Amino acid sequence: TAVEAAVAFARAVGEYQAPAVATEAEGLRLHLSSSNSTGYKGVYQYSTCRFGVRCRVDGKDVYLGKFGTAVEAAVAFARAVGEYQAPAVATEAEGLRLHLSSSNSTGYKGVYQYSTCRFGVRCRVDGKDVYLGKFGTAVEAAV
């Protein structure tokens, strides 16, 4: 795009200033790092302008995926290290009563979260597992 080209030009002539680092997103406290060029602990930038994130869980280095922005990657890091507080679960949406589940981390029966921060739905119909698709939020999947 023209904006991406203008940013590339500004970087080349030394006038580019990186956007300010967010300290919170999606109800999470993000882990800032003054020694990391992205501004976030565990987040690094690929040459493709996408961002990767790694963290240590139970003493092991864990790759959490690629994200479109450093903030999205920082949110994944915060979730992985236990900073995530799930939002309150909706009991109704679009005039439908949603099927809640206390044993499912998404809060909804049949809804699961991909590592890409999207949500999928599976249910049983006539004794067969039926995949219903991917959704942007757990509530969209539950509906």
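Ground rules. The model is predicted, so local features need pLDDT of at least 70 and side-chain atom pairs pLDDT 80 or more, while totals for chains, interfaces and linings use all residues. Residues are numbered from 1 along each chain as its sequence is written, and side-chain values use heavy atoms, with hydrogens and water left out.

Fold next. We have three helices and ten strands. These are DSSP runs: H or I of at least four residues for helices, E of at least two for strands, numbered from the N terminus. The order from the N terminus is α-β-β-β-β-β-α-β-β-β-β-β-α.

Contacts. A contact means heavy atoms within 4.5 Å. Take those between residues at least 6 apart in sequence: 26% join residues at least 24 apart.

Now the surface. The protein exposes about 9800 Å², and carbon and sulfur atoms supply 53% of that. Areas are Shrake-Rupley, 1.4 Å probe; for residues, only the protein chains shown count as cover. Of the 143 residues, 27% are buried. Buried is under 20% relative accessible area, exposed over 50%, partly exposed in between.

Which residues form the aromatic pair? Tyr 44 and Tyr 46, edge-to-face, 5.4 Å centre to centre, with 65° between the planes. The cut-offs for Phe, Tyr and Trp (its six-membered ring): centres within 6.5 Å; planes under 30 degrees apart are stacked, over 60 edge-to-face, the rest tilted.

Tyr 44 is partly exposed at 24%. Tyr 46 is too, at 25%.

Last point. Lys 66 puts its charged end over the ring of Tyr 46, 4.7 Å from the centre. "Over" means NZ of Lys or CZ of Arg within 6 Å of the ring centre and within 35 degrees of the ring normal.

Terms used: Buried < 20%, exposed > 50% of the residue type's maximum accessible area, 1.4 Å probe, protein only.
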